[in-house]
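Open the model in a viewer and keep the selection panel at hand. The stops below say what to select and what is there.

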Amino acid sequence: MIPTLAGIIIVTFILFNYVPNDPAAMKLGKNATARSKESFDLKRGLDKPAICGIWGKTRAYSDTDFKRNAGPWTRVEGVRWTTNGGSGRIVLPDGGSYAVPFAFQLATTNEFRIKARYRLSATPGSKGAASSIVVSNSSGIVRSVELEPADGFRDASVVFNSGTNPGSIVVSFAVEKGTLEIGQIGFGKKASHFFDSQLLFYLRQLARLDFGESLETNQRVVDMLKRGVLPSLSLTVPMFVAGLMVSIVMSLVCAYFRDTAVDRFFVVLSVLLMSVNYLVWIVLGQFFLGFQWRWFPVWGYESLRYLALPCIIGIVSGLGSDLRFYRTVMLDETYRDYVRTAFAKGVSKRGVLFGHILRNAMIPVVTNVIIAIPFLYTGSLLLESFFGIPGLGAMGVNALNSADFDVIRALVLVGSVIFMVANLATDICYALVDPRIRLK
Amino acid sequence: MTDRAGESVRYGVTANIRGFDPVKAGDVDSAVAISRIYEGLLQYSYLARPYRVEPNLAEALPDISPDGLVYTFKIRKGIYYQDDACFPGGKGRELEAADFVYSIKRLVDAKNSSTGSWTVNDKIAGLAAFVEASRSDVPTDYSMKIEGLDAPDRYTFRIKLVEPYPQLLWVLTMQYAFAVPREAVEYYGDKFIYHPVGTGPYVLSKWRRNYSVEYVRNQKWKETGRIEKYPSDCEPSDREQGLLDDAGKHLPFIDRLVDYVVTDASTQWLMFVRGDIESSGISRDNWQAVLTEQFGLSSGLSRMKIRLFTAPTLDVYYLGFNMDDPVVGTNKKLRQALSCAFNTEDWVKFYNQRIVRARGPIPPGVAGYGDSASPYPFDLEKAARLLDEAGYPGGVDKVTGKRLQLTIDVGSASSPEFRASQELIAGFLGKIGVTIKTQYNNWPTFLAKMERRQCQMYSLGWVADYPDAQNFLQLFYGPNSSPNPNHSNYVNPEFDRLYDEVKSMVDCPERTALYRKMADMVIEDCPWIFMHHPTSYGLHHSWVGNYKPHDFPYGMEKYRKVNAQLRTEWKREFGRSDWRE
């Protein structure tokens, strides 16, 4: 179980980290500045590398390749963008110094790395080429790396510390002679150690049983889960139990009257029920039973009365497939040898049905029931949203619609843990209902 | 959903709100919720148009120093916070000037990641050092002195700016700058978003997350003798509408407010026509059943005495060009040609007239809006001519002989309606021979692309923060380029010079003239194809009184009225009738 759990944690982390996502931009809205997004990233550890590594990112300068345009370098005077004779790149002409256009001042006392893919060549008509990446602050040059003239593109990188004086750090490409072309610039901020990553941040959170904070509602995800469980269960449990009883009873009726008109009627009914979409039941139920005929409230979660309509709709829409399934299970059993023996022994039809068949059919029933249990916790997405039941289903729908990843991740994780536990429970239950199976 | 005896209750609908922390909520529904409980120095006038600010917790509009840098507010005496466990003895204390100093510090505290810190950041003297200090891991030191935020005595609050910022008055009406008692923040810690403690007309009585929010009248007003009156300055037409019947009466009128979180539009509609909630929007599915072809109310609904309110909004929707893009960014004629190809008439028709054609960046109703004809209106001949001059005769590149293909990035693909609208745009521009490829992204990817300047063209809107053209023109200011909100990365030194000049000017005819001039520069350069301003449509039941649409509807519940008897009668008469008849 432990390896499964670890696997689930890693998979959920990777899933939600590799979908394109920018929580800071989502959260801070249209007036957000690069600086405010950076603060947000720092708070949530989003500036760190994903799984491991030394270099994280900063919004002062995000990695750029110049395939399609010059990006922030448009603002830098003297810099041209071209695609002539090759892929897109920026051109830094002879005799200038071009500062990297940071969106805001770099954080102090932090290590940064700038990486450039460049080509340095002599300007036609003059000899030689010399250029360097220069990092300087108010008291002078901190670091300087010479770039090499060559025919093809090369990589260079400079690592530097931003020092204690905010705003004084300038990183520039100084072109003394020749022409410098740059195809790509990467910029990174150093994490405190190799495993100082978003994954570690996430694991630490989980260790505290903290699932983070919802972007959409500003609430702690744990609080949201706790609050949503009860309404969800109050809808799904009665729905599930009643649905199960109804379908088992109906399937027994089918088995009792097998191959008669009654059985046929139920088969036709179940096919009919199965072919109508869930949503149709909801919309029709809400409109006619709730709105038109006033039998039930249209919307709300105030008392038991409010749960009746969604419950009925849930049962009706699930009945078709359940009835088919349990009928098959029951009929399977009726053809077994022990049934014939029991009849031969002189047991009545009713006695065989309830005393033998029902008991033996418990194994598939238990399997089916336990598989369904984890879904009780996630509630019913549609029913909850339509009827205003403040459960986890409605919460999940909202979270999906607003790309609220912390919430979705928590729902998936808790769901899978419950599923794991349920699997274990199935095994135990097998042992209880089937004496041939022993737990070892 | 039943009233207690003798009580007037208003039932409404809200989206899921993001808690009651004024600095942490940027969306409309949360701001509306917060502004029932908290208040700021200033507020919008309810009835008077054009919009103006009036004092709320301040005694009067501030004294502004001649250089426009120092704003001195006198704070009203005898304003009390609601009773709450966070105060000694559970008794709400009097509001003082220091509360505003504290609240603005909270707003810019980097640890709060506020959506509203832009309202004051870089504008108040000495604030930067505080913001910088708040970025560290240690708890933020709120005792730190800030030059520009000062409470010289108990009832005087002074803001000192680094440069003139006349928009400060608008900004102070927003929930971000509302007065928050320090005791509550410290007492509740990270649970503060659930426990609002304000001075406003209502207090939170019950909040069932994801389900409902309930407010009741703030008894502290009565206890401390605080009196607010219904306004009498208004537009001439308001008197006929009955909006002045309550002028001078004491606020608020309604005892209890209940808002349900109903996400599904059809459910919301059923609740509305049953009379369970007081107001509703009109979903696209219902559009034809609700409105007649002349955009009046259908006969069934007018029989049910439902009232329709339409109002223009201050939002602008546009197709932006990335000025960094080598194809569209450097070719002004091309952008103008595409603007001329945009068929505004069909566009308005597509939206069932729910929108108004946009002429420039400034919406109607805001000073600086010019209603003269656009120099680049829908005109296919002109478009073809401009396209020719741009080097793409008939949409084909003169040099390479290839057909021009442009990519429009959009941030959602959710509804079929949205997809249809994008196809319509592609069709418009296709008329002049340009091939359009629409790139559907999810919202976060779209934002990231704009931030990294990777879009060629993009479809976006801007919702006004305050009714001042500066709020729109900032989207063309060079230093605001991506990752800041100028996603077109439009840089025009002349525009930037004017912007620097105009941003420190107070409202006057010269400023309006400059706004118009700047808007015209933008219209000429076409960094955007201006699409439309939406119109809002709202339905209200007859028992809701004193309703007037407002673009910034914050704190306005206190003016509204509910006639419970009328509602009971209505329910008896129409509660079971079919609205479609």
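**A helix pair in chain B**

Helix α17(B) passes helix α18(B) in a left-handed crossing, a term for a near helix turned anticlockwise from the far one by less than a right angle, clockwise being right-handed. This is a predicted model, in which local features need pLDDT of at least 70, side-chain atom pairs count only at pLDDT 80 or more, and totals for chains, interfaces and linings use all residues. Residues are numbered from 1 along each chain as its sequence is written, while chains are lettered from A and ligands numbered from 1 in the order in which they are written.

Select residues 493–502 of chain B for α17 and 509–525 of chain B for α18. Helices (H or I, at least four residues) and strands (E, at least two) are DSSP runs, numbered from the N terminus. The two helices pack at about 160°, with axes 10 Å apart. Axes here are lines fitted to C-alpha atoms, for helices over the stretch in contact, and angles run from 0 to 180 degrees between N-to-C directions. That makes α17(B) roughly antiparallel to α18(B); the classes are roughly parallel under 35 degrees, roughly antiparallel over 145, roughly perpendicular from 65 to 115, and oblique for the rest.

Now show the side chains of B:E494, B:F495, B:L498, B:Y499 and B:V502 on α17(B), which make the contact with B:R511, B:L514, B:Y515, B:K517, B:M518 and B:M521 on α18(B). Contact means that C-beta atoms, placed from the backbone, lie within 7 Å. By class, this contact has eight nonpolar, no polar and three charged residues. Ala, Val, Leu, Ile, Met, Phe, Trp, Tyr, Cys and Pro count as nonpolar, Asp, Glu, Lys and Arg as charged, and the others, Gly among them, as polar.

**Two cis peptides in chain B**

Go to B:R49 and B:P50, joined by a cis peptide bond with omega of about -10°. B:P50 is in the loop between β2 (42–44) and β3 (53–55) of chain B. Next, select B:L251 and B:P252, where the peptide bond is also cis, with omega near -15°. B:P252 lies in the loop between α7 (237–240) and β10 (256–261) of chain B.

**Across to chain A**

Color by chain: 44 residues of chain A are in contact with 45 residues of chain B. On the chain A side, α3(A) gives the largest share, five residues. By class, that side has 18 nonpolar, 17 polar and nine charged residues.

Chain A has 14 helices and eleven strands, and its C-alpha trace spans about 110 × 55 × 45 Å along the principal axes.

**Helices α6 and α8 of chain A**

Select residues 261–275 of chain A for α6 and 304–334 of chain A for α8; they pack at about 130°, with axes 8 Å apart. That makes α6(A) oblique to α8(A), and their crossing is left-handed. A:F266, A:S270, A:V271, A:L273 and A:M274 of α6(A) meet A:V316, A:L319, A:G320, A:S321, A:L323 and A:R324 of α8(A).

Select A:Y256, found in helix α5 (residues 221–256). Which residues does A:Y256 contact, leaving aside neighbours within four places in sequence? They are A:K349 and A:L353. The C-alpha atoms of A:Y256 and A:K349 are separated by 7.8 Å.

Finish at A:T109, which has a positive phi of about 40° although it is not a glycine. A:T109 sits in the loop between β5 (96–99) and β6 (111–121) of chain A.

Technical notes
Contact = placed C-beta atoms within 7 Å.
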